[in-house]
Amino acid sequence: MRRIANVNRKARLLGPLAALLAVAMAVAACGSSASSNDGKGDAGAQVGPAQSGGSLTVLEDASFAGGYASGLDPATNTTGGANLPQMQSIFGGLFLLRADDDGSNAKIVPNQAESYAFSDGGKTLTIKLRPGIKFSDGTPFDAQTVVWNMLRDTSSPCSCAPTWQLTKKDPIVAKGDLTVVIHMTQPNGALISNLPISNVNWIASKTAFQKLGAAKFKVAPVGAGPFTVVSDQLSSELVLKKNPNYFKKGLPYLDKLTFKSIGGDQPAYQALEAGQADAYEGMSTSPLITQAMKNSKFTVTLGPATSPYVIQLNTMKAPFNNIKARQAIYYATDFDAISKGLFKGSDLPVSESFTAPGGLFYHEKVPGYLHYDLDKAKALVKELGGLNVQLGTTAIYTANQVITALQTQWEKAGIKVTTKPMQLPQVIQAFTGGNWQALLQTAGAWDPAAGVGVAFRFASTSPFTGVKDPKLDNYFLQAAATTDSAQRDKLYQQAAKYIAQKAYAPFGIAFTPANIVAKGVHGPGLTTPIPALAVNTQTIWDEVWREQ
Amino acid sequence: MAVIDASSAQLETALAATTRPRGRWRVWVRTWVPAGMVVFILAICFLGPVVLPIAKPTGGDVLESGLSPFSSGHLLGTDSNGNDILSRLLYGGRASLEVGITVNLIGLVIGGGIGAISAYVGGIVDTLIMRGLDVLIAFPSLVLTLAVAQSLGPSKRNTIFALAFFSIPAVARIARSSTLRLREMPFMQAAQLCGSPWWRILLRHITPNIGPQLISFAALGMGIVIVTEGALSFLGLGIPPPAPSWGNMIFDGQQSMSATPMEVVWPSVALLITVLSFNQLGESLRARWSGR
Amino acid sequence: MSVASGLLPTRPRTGFGRLGRAAGSPLVRLIVKRVLLAIPILLGVSVLTFWVLSLIPGDPARAMLGMNATDAQVEALRHEYHLDESGPQRYLDWLTGALHGDLGTSMVSSQTMSSMLADRWAVTFELVALAFIVSLAAAVPVALLAARWPGGVFDRISMLCSVTGLAVANYVLALLLVLVFAVEVNVLPAIGYVGLGQGLGPNLKSMVLPTLAMAIPLFCFYTRFLRGDLVDQMQSEDYVDTARAKGIGPWRVLWMHAFRNSSFGMITIVGLNIGTLVGGTVIIEQIFALPGLGQLLLQGINTRDTVVVQDLVIIFAAIAVFANLLVDVLYAVLDPRIRYGSH
């Protein structure tokens, strides 16, 4: 008898406890489920006139936009391309990428610059500055300062330095107070497209830099942007307040803007649900994006797709120095299924080249692209006498899921696959060491020549390439050497066709991170889509406002 | 830092201390019910997938992702990659138990050996070993884990290595303090006087006496090891995906916990039941042995 | 085989009564001895840290400057941070600097370590201190109640809870706490640190959930330890029987005698736990967006900032070593026999 009683007691205690745990966790799933959201953001026109005032707290992923351990000085910020929110708020930028409220018609517009013009066959770039701009410390925003900035940026040992091919003598000069002339040895068609995510775009006050010194300037830099620094803890929290000397009348709308770094999408989602923050940029965990779309508290905005996944194959090394092995991968890969299964309801487009519907020079079909065909894959693998592949990626939730799905698909074709999610330094090391076989990455950008563009993954000069092919290089060089859009389009189409023909690397879904924003907060890039130049959409922070 | 050694003994007795059960039945129940549970858990994880008609833990069809429980062929549904959750739970349990048991065994053998020898030999050897352990205890495990992850890469073997490394010092301390107490016992002194070689004393007299305490300590450590294995994914170590372990299932699941809570709940519940069973078994075993 | 060399002090059975004598010279001698013992341990930890970090493949300078940098630029940075020197030489340089109070400059942010530590230490210190206070304050009464009626309902529940607490991953626990107390019942902040400058109330409010996330596993551990120790004493120690025979009530025996003795063990456990706890701040600070040392360490790891990582690891280790030192001394103050002990 006693024995039974004892067992029961144990069961009685264990049961409710497990149930409690289950209930507590299930609460997470509920939240407030109400109105569905189309996920395309709200159009600025429908929400009435913008209102001034208020403060905003924005969360950024500590491992991406929220990580700026090297500081915010444009000349030394190694992660500048990721830290768009902080850099744009403090410095503004010479040029910005803007789009219509539905994300279409994207183009580079001058901001602190007034205009630009190429001459000398694209080898000389003249940038005219907008008159009357002052840095927040009161010093003038003039050509001399811009030249000082650009020379400092281009000569910095930082990985963030622009790779402009400048002339030896007088590379960057000021003409008068408002004109900057850049002399290059080769035309660079993507220079302007690349600016909005390049550190050169952000102009710092020379006076403030000299006064503060390099180390302090990294923490509290001075620019001519919409906000000025109140306090800053690197990679933790940046508190900004309205710049009263801002050159655009009536802007910025917000009085105070705070960026907080947070460790992951799930904590960020919970913080938003708790009302601790008003926005989170760059949510990439797809189940949470779906969850947020169901939540009536939030506006979910997915940027127009620009960068498709690419399975980079190392063609310099076995097994992918053999075109048959590469073709087997093409035939074995079914991104349509991955789109339907992993990204339920998102209806992500699947690309056949290094662009996506939201970017320039996009074409849905690439002639000669090899599509999913399990039988052909099996046949090729058999012909090769088996195929062993190590498939890696940068360890992010979504990328991990995709390589797991790819592994399953490839194994169905008889390919033996080991997966290896890596941290970024390990990925870089794999590339420098050349000891990798297949890597899931993203390729392309709004402009294929900008950001993590096509050359980044395919040109033999890039350290992150799996391909060394003079013919392909030639396409890229030609495309970069012209500023004529029609010509560039033609060249990129040829390059895409060539990549497909050589089976250099299969492309996939173009996944874009989402902005999750509390209702009542609006802003271009935040609640209206703007194509991403690299990974995250660039928000135009001076025009962000909240309903009072 | 003799004080610490003194209280390690205290720690070990206290962690395993239980009310001395009165009556044969109670003793029987307290030992055999958790023992039965442990056997059941081991059986279902190691034999279950072989005997039962269960899908593979990996390689599921991505188009069948996110199925709810009681879907046809998937009792607990599928995860976001279309893998059967029940199957992952069983195979994951296999991996977790393997790691948990191996790490504890290594800790017991090496840590126990170091502690016992250190105490038995005494003198300068003892001092040196103990100071070395102090260094290891103060050394943050994070850094070693990171070094292992980045230089050797994630694998089950490297995970076990890293985890075992940090279970050794604690076990060694407990073994040492238990042995020190034993040394003063009359039977030990008798054995020494008889001229038994040191290794014989170690094996015949010390091991059987400090064993029970160490084993009950290890039973509690099981849960901690299994949970920590999952947290290692945070730093790029741990059982490499897509192979499941309870730890990496919990870690993966929590990354989207608001959307997919059950992916955390199932492995957590499995882990909890296992830890409770091992713990209860450890307590009872110790109570039985010490009661003798 | 000298018997004396390994003789352990047996379980102390004295109360706090002899505290008065603590100021005597044996105590000073003991403190000096313990401090001297801590030095080789600290040296050992720092050597080990340097060695382990040097095992991580890849050149931190190259990792920092990226692919565009020329070899000359990488070489210059390596030179600037003495990465081109031999391991032992670098260690000696670091040690010389550290002994002069110079912990170096971060490779990535160019900020001095001392300024970064000054900004962040208070967050981590508060988190760790609160976690200790809360967990101890909760563990003592629960353990006493459980030990008063061993095997009773309360005892069973508390034991079950404490094993459960140890089996739940702390990052899951942290997320659950936020879910319940910040999302469902919106009473506490989910993230962020409010400095003491903005008032004690808001400061403590911002620390409640992170503190609980750290304290609950500790509470479970302490409860389990203390309850076990108390039960052990109540059942096996002669003096408890003596006290009972004298007609002293059970609560009084538990509190005045058993708990007093158990507290010695508790102090030690607390000391041993500090190392683990400080390490735990890495994950908790990340989830709650707290700008503390744990966050800095993770950043240092992610950016391959060798200076930050090695300094923080050594600082974390030093905290653990000094906590144990403090425990030893406290122990000796409370228990005179160790002071006058054989070693």
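**The helical chains**

Reply: In this predicted model, chain B has a secondary structure of 11 helices and 0 strands. From the N terminus on, its elements accordingly read α-α-α-α-α-α-α-α-α-α-α.

Me: What percentage of the residues in chain B are buried?

Reply: A residue counts as buried here if 20 or more other C-beta atoms lie within 10 Å of its own. Among the 292 residues of chain B, the share that is buried comes to 60%.

Me: Which share of the contacts in chain B with a separation of 6 or more is accounted for by residues 24 or more positions apart?

Reply: The contacts considered are those in chain B with a separation of 6 or more. Of these, the part that belongs to residues 24 or more positions apart is 72%.

Me: At what angle do the axes of helix α4 and helix α5 of chain B cross?

Reply: Two packed helices are described by the distance between their axes and by the angle between them. Helix α4 (residues 85–121) and helix α5 (residues 123–138) of chain B meet through I114(B), S118(B), A119(B) and V121(B) on the α4(B) side and G123(B), V125(B), D126(B), I129(B) and M130(B) on the α5(B) side. By class, this contact holds 6 nonpolar, 2 polar and 1 charged residues. The two axes come within 7 Å, and the angle at which they cross is roughly 145°.

Me: How far apart are the C-alpha centres of domain 1 and domain 2 of chain C?

Reply: Chain C is divided into domain 1 (24–108 + 306–343) and domain 2 (113–239 + 265–302). Where they touch, 18 residues of domain 1 of chain C are in contact with 15 residues of domain 2 of chain C, and the domain 1 side divides into 13 nonpolar, 4 polar and 1 charged. The C-alpha centres of the two domains lie apart by 26 Å.

**The sheets of chain A**

Me: Which strands stand at the edges of the open sheet of 7 strands in chain A?

Reply: This sheet has mixed pairing and the order β8-β9-β10-β1-β11-β17-β12 (chain A), and its neighbouring strands are turned by 20° against each other on average, direction ignored. An edge strand pairs on one side only, and in this sheet that applies to β8 (227–233) and β12 (298–302) of chain A.

Me: Which residue of β9(A) stands opposite S231(A)?

Reply: β8(A) pairs with strand β9 (residues 237–242) of chain A in the antiparallel sense, over 6 bridges. Opposite S231(A), the residue in β9(A) is V239(A).

Me: Which helix packs on this sheet of chain A?

Reply: The helix in question touches β11 (279–283), β12 and β17 (514–518) of chain A. Its direction makes about 135° with that of β12(A), and the helix, residues 286–294 of chain A, is α8.

Me: Why is one side of β4 and of β6 of chain A left without a neighbour in the sheet?

Reply: These strands belong to an open, antiparallel sheet of 4 strands in the order β4-β5-β7-β6 (chain A). β4 (113–119) and β6 (172–175) of chain A stand at its edges, so one side of each has no neighbour in the sheet, the reason being that each has a single partner strand.

Me: Which residue of β7(A) stands opposite T126(A)?

Reply: Strand β5 (residues 124–129) and strand β7 (residues 179–183) of chain A run antiparallel and are joined by 5 bridges. The residue in β7(A) that stands opposite T126(A) is V181(A).

**Between the chains**

Me: Which element gives the largest share of the side of chain A that touches chain C?

Reply: The contact takes 41 residues from chain A and 42 residues from chain C, and the chain A side divides into 20 nonpolar, 17 polar and 4 charged. Elements giving two or more residues to that side include α6 (214–219) and β10 (256–262) of chain A. The largest share, 6 residues, comes from α1(A).

Me: Which residues touch the most other members of the largest nonpolar core?

Reply: This core has 329 residues, and at least three are drawn from each of domain 1 and domain 2 of chain C. The residues that touch the most other members are A328(A), I516(A) and V178(C).

Note on methods: Residues numbered from 1 in each chain as written. Chains lettered and ligands numbered in written order. Predicted model: local features only at pLDDT ≥ 70, side-chain atom pairs only at ≥ 80, totals over all residues. Core = buried A, V, L, I, M, F, W, Y, C linked by C-beta atoms within 7 Å. Buried ≥ 20, exposed ≤ 12 C-beta atoms within 10 Å, placed from the backbone. Domains from an automatic or database assignment. Pairing = 2+ DSSP bridges. Axes fitted to C-alpha atoms, helices over the stretch in contact; angles between N-to-C directions. Contact = placed C-beta atoms within 7 Å. Nonpolar A, V, L, I, M, F, W, Y, C, P; charged D, E, K, R; others polar.
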